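Visitor: Hi! Could you walk me through this one?
Guide: Happy to, here it is.

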Amino acid sequence: RAATLLCLSLVVNGCLCSNSPFVPSSLTNRKHTTPTKRRVSNNISANSAAKVSQIIRGGSDQIPEESSAQASVEELTTYQEEEQNFEEAPTQAPVQELPEIVSVPNPAPTIQPVTPEIMSKQSTGLPDSVKLLIGAGGVYAAFLYYGSLQEDVFRYVSEDGNSFKQAWFLQVLEAFANVIIGFIGMSATGATKNIPLTMFGISGASQVSAKACTSLALANGLSFPVATLCKSGKMAPVMAGSLLLGGATYSIREYLQVVAIIGGTAIVSMGKKKGGSQSNSATGVAFIVASLVLDGVTAGFQKRLKAETAKVGVKPKPYDFMFWTNFFMCITATVFALGLGEFTSGFAFCASNPEILSKIVKFSLCSAVGQSFIFYTIANFDPLVLSTVTTTRKIFSVLLSIFTKGHSLSPTGWSGIALACGGIISELQAKASGKKKTHSH
C-alpha cells in the first residue's frame, strides 16, 4: 500500500512537469514562468505531498477527498484564467504627458495708406514722360483748335452781311457739352457727397459771365490776339482787388510782370491795322475789361468755395468741379439767353448758315475735351506743370492766330508781342521758383 501511494505521488508530480502529455499545451508552451504559475504549482505539489505523507503516517486507505481535488482543479483553472487574461491584456506603454503647446497669434499686418507716391512706385502703367505728352498734347491740341474755332465763329459773315453775336447762346452749348463730359467722368470716378452747391452756383455764374464777355469782345471787333493777351493779364484785377480790399503787398517783379503784359497788349493793339470801326473796338475793349474784372471776382469766389468745402470736411474731385461748375454755368447762360432772345436768333442763324453750326459744335466739344485733358494733367502732375502748359498755350494761340488768320503786325506790334510774352514767361518762372522754395523747406 505504501508503495502504491508513493507511485501515485510520483505520478501526480510527474503530471506537473513540462514534458508531460497530461499538462495542457497552454502551460507547457510558455517561455517564461510567471509568478502565478509558480504559485499554483507549488500549492498543488504541497497539497499532494501533504496527502501522501498523511496516508503514510496514518496508514489510512482513503484517497484524496473530492473537495480537495476540486480545490486543486479550481486553483489550476484560476491559474489558466489568469494566464489567459495576462495574454489578452494589451501591453500599454506609459503615457508621457506632452508639453502644452501655446499658440502665439500672428500679429495683424500693418496696412499702410495708399499715397500717390506709393501708387507711382507700384504702378505698371505709362511712364511720366508719356503721361505728360498725353496731358500737354491734349491741352495744346484741344485749346489751340478751340481758339481758332472761336475766332472763326465771330469772324464769320453770312451772305446777307450778318455776323454771329449770340455769345450767351454759344455759352449754353459750350457749358452743356462740358456738363455731359463732367457727368460721365463723375460717374466713373464716384461723386462726392455733401458739396456746398451754393458757392458752386455763384462761382459758375461769375465764370460764365467772364467767358461771355470775352466772346462779346470778339463779337464787337476786338482781335483774337489782343483778347488772348489781355486775358493773360488777369493778374492785374486780382492784384488791384487785393490791394484795395485785402491790404496785400506784392514785389516789384510782380508789378513789372503785369505792366509788361498789359503794355505789350496795348502795343499789339496799336500796331495792328484795325478792320472794324473805332466804336466797335472801344466796345470790345470794354467787354474784355469786364471779363478781367469778372475773372478776379471768380477767383475770389473759388477761394471761398475751397474754404467752404474744407469747413464741411469734403474734398471735391476734379470731375465734381467740372460737372457742378458747368451745370450752374449752363443754367446762368440759359437764363441770359432766354432773357435776351438769343435762343431764337441763335438757332435761326445756325439753321440758315450750317457752316457755322458745325464750327460751334466742334468748338463746344473742344472745350469739353480740353478740360478733360486739364483734369488728366492735374491728376498726374502738380499744378505748376498745368500752369506751364496753359500759359504757353496762350502764347502759341496768339502766334497761331497771327500766322493763320491773316493778322498783319508792324514791327511795333511784334515788339508788343515780345513784351507781353516776356511778362507771361516771367510770371511762369516766378511760380516755378516759388514751387522750388516750397519743396526746399
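Visitor: Let's start with α7. How many residues does it have, and what is its reach from first C-alpha to last?
Guide: Helix α7 has 23 residues and reaches 32 Å from its first C-alpha to its last, close to the 33 Å expected at 1.5 Å a residue. Keep in mind that this is a predicted model.

Visitor: Noted. What follows α7?
Guide: G190 follows α7, and its phi is positive, near 95 degrees.

Visitor: Which residue other than glycine has a positive phi?
Guide: N194 has one, with phi near 60 degrees. N194 sits in the loop between α7 and α8.

Visitor: Is N194 buried or exposed?
Guide: Exposed, as its relative accessibility is 65%.

Visitor: Back to the helix. Which residues make the nonpolar surface patch?
Guide: F176, I180, F183 and I184 make a patch of about 410 Å². F183 is placed in α7, and F183 is partly exposed, with a relative accessible area of 46%.

Visitor: Okay, zooming out. How many helices and strands are there in the protein chain?
Guide: The chain has 17 helices and zero strands.

Visitor: And how much of the chain is buried?
Guide: Buried residues account for 37% of the 441 residues.

Visitor: What about contacts between residues at least 6 apart in sequence? What share join residues at least 24 apart?
Guide: That share is 86%.

Visitor: Now charges. How many salt bridges does the structure hold?
Guide: Six salt bridges. In general, side chains of opposite charge can pair when their charged atoms come close.

Visitor: Give me one. Which residue does K405 meet in a salt bridge?
Guide: K405 meets D152, at 2.8 Å from N to O. K405 is in the loop between α16 (383-404) and α17 (411-440) while D152 is in helix α6 (residues 128-155), so this pair ties together parts that are 253 residues apart in sequence.

Visitor: Why does K405 count as buried?
Guide: Because its relative accessibility is 18%, and the cut-off for buried is under 20%.

Visitor: Which residue does E174 pair with?
Guide: E174 forms a salt bridge with K211, and the closest N and O atoms are 3.2 Å apart. This pair links distant parts of the chain, with E174 in helix α7 (residues 167-189) and K211 in helix α8 (residues 197-219), 37 residues apart.

Visitor: Is E174 buried or exposed?
Guide: E174 is buried, with a relative accessible area of 2%.

Visitor: What does F154 touch?
Guide: Not counting residues up to four places away in sequence, F154 touches F164, L170, S215, L218 and A219.

Visitor: One more residue: where is S209?
Guide: S209 is in helix α8. At 15% relative accessibility, S209 counts as buried. Leaving aside neighbours within four places in sequence, S209 contacts W168 and L294.

Visitor: Last thing, how many residues does α13 have, and what comes just after?
Guide: Helix α13 (residues 318-340) has 23 residues and reaches 32 Å from its first C-alpha to its last, close to the 33 Å expected at 1.5 Å a residue. Just after α13, G341 takes a positive phi of about 75 degrees.

Methods. Residues numbered from 1 in each chain as written. Predicted model: local features only at pLDDT ≥ 70, side-chain atom pairs only at ≥ 80, totals over all residues. Heavy atoms only, no water. Helix = DSSP H or I, 4+ residues; strand = E, 2+ residues; numbered from the N terminus. Buried < 20%, exposed > 50% of the residue type's maximum accessible area, 1.4 Å probe, protein only. Contact = heavy atoms within 4.5 Å. Salt bridge = Lys/Arg side-chain N within 4 Å of Asp/Glu carboxyl O. Expected span 1.5 Å × (residues − 1). Patch = residues over 30% accessible without salt bridge, like charges linked within 9 Å, V, L, I, M, F, W, Y side chains within 5 Å. Areas by Shrake-Rupley, 256 points an atom, 1.4 Å probe, with all protein chains shown as cover.
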